[in-house]
Amino acid sequence: MTDCVFCKIVERKIPASVVYEDGETIAFMDIGAVNPGHTLVVAKPHVENVFGLDDTLAARLAQTTARVARAVQRAFQPPGMSVYQANGVPAGQTVMHYHVHVVPRWEKDGMDLVWPVKNPPREELAANAEKIKAALAAG
Ligand code: 5GP
Ligand code: ZN
C-alpha cells in the first residue's frame, strides 16, 4: 500500500528505530511512545486488522510479540506491561495496518483503559458463547 505509513517503514522508505525483524514481522519504537520502551510489533504484509491474519502470520506475530515483550522487560525492568492491539476506529485504531503495542507500565503512568464492567447474567454469557461456537464451527 503506497500511502500506508507502516508499509513505508517495512520498505525502508521512511525511517524507524527497528529492534527486530524476520520474514513476516518487524518491530520498531512507537513514534508517540507513551512510556520509554513502547514498541510496535507489525505484520510485514499490509493486513489491516486481526481479521485478515491467516494462522501462520498470526502465530509469527504472537511469537514476535512475546519475544519483544521479554526484551523490553529485560531492558527497562517495568513493574508491569500492557500488550494492546486495536481493530477499527471505535477500538482506537489509527494506523490501519495490523500492529501490537508492547507498552512498559509503571504505577500512575497516566495510561488509562476504561473498562466498564457490566456483569451480565449467566444466561446471557451462555447465549453469547453459543453464538461464537456456531461462528467457529462455520470456519
Ligand atoms: P493505534 O492507535 O493504531 O493502535 O496505534 C498507532 C501507533 O502508531 C500510534 O501509537 C502512533 O504513535 C504510531 N505511529 C504513527 N505513525 C508512526 C510513524 O511514522 N512511525 C512510528 N514509529 N510510529 C508511528
Ligand atoms: Zn500497510
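Visitor: What makes the ground rules here?

Guide: The model is predicted, so local features need pLDDT of at least 70 and side-chain atom pairs count only at pLDDT 80 or more, while totals for chains, interfaces and linings use all residues. Residues are numbered from 1 along each chain as its sequence is written, chains are lettered from A and ligands numbered from 1 in the order in which they are written, and side-chain values use heavy atoms, with hydrogens and water left out.

Visitor: What is the order of the elements from the N terminus on?

Guide: The order is α-β-β-β-α-β-β-α. That gives 3 helices and 5 strands. Helices (H or I, at least four residues) and strands (E, at least two) are DSSP runs, numbered from the N terminus.

Visitor: Why is Thr-25 called buried?

Guide: Buried means under 20% relative accessible area, exposed over 50%, partly exposed in between (1.4 Å probe, protein chains only). Thr-25 has a relative accessible area of 0%, so Thr-25 is buried. Thr-25 belongs to strand 2.

Visitor: What makes the pair Thr-25 and Thr-64 a polar contact?

Guide: A polar contact is a pair of N or O atoms within 3.5 Å; within protein, one must be able to donate a hydrogen and the other to accept it, and residues adjacent in sequence count only if both atoms are side-chain atoms. The side chains of Thr-25 and Thr-64 are joined at 2.8 Å. Thr-25 also touches Tyr-20, Val-42, Lys-44, Arg-60 and Leu-61, leaving out residues up to four places away in sequence. Contact means heavy atoms within 4.5 Å.

Visitor: How many disulfides does the rule give?

Guide: The count is 0. A disulfide is a pair of cysteine sulfur atoms within 2.5 Å. Cys-4 is buried, because its relative accessible area is 7%. Cys-7 is buried too, because its relative accessibility is 3%.

Visitor: Which residues come nearest to ligand 1?

Guide: Met-29, Asp-30, Thr-94, His-99 and His-101, of the 15 residues around ligand 1. A residue is near a molecule or strand if one of its heavy atoms lies within 4 Å of it.

Visitor: How do you know that His-101 has a polar atom facing an oxygen of ligand 1?

Guide: An N or O atom in the side chain of His-101 is 2.8 Å from an oxygen atom of ligand 1. For a polar side-chain atom of His-99, the distance to a ligand oxygen is 2.9 Å. A polar backbone atom of Val-95 is 3.0 Å from an oxygen atom of ligand 1. The protein covers 80% of the 520 Å² of accessible area that ligand 1 has on its own. Accessible areas come from the Shrake-Rupley method with a 1.4 Å probe; for residues, only the protein chains shown count as cover.

Visitor: What makes up the shell around ligand 1?

Guide: The shell has 8 nonpolar, 6 polar and 1 charged residues. Ala, Val, Leu, Ile, Met, Phe, Trp, Tyr, Cys and Pro count as nonpolar, Asp, Glu, Lys and Arg as charged, and the others, Gly among them, as polar. Helix 1 gives the largest share, 3 residues.
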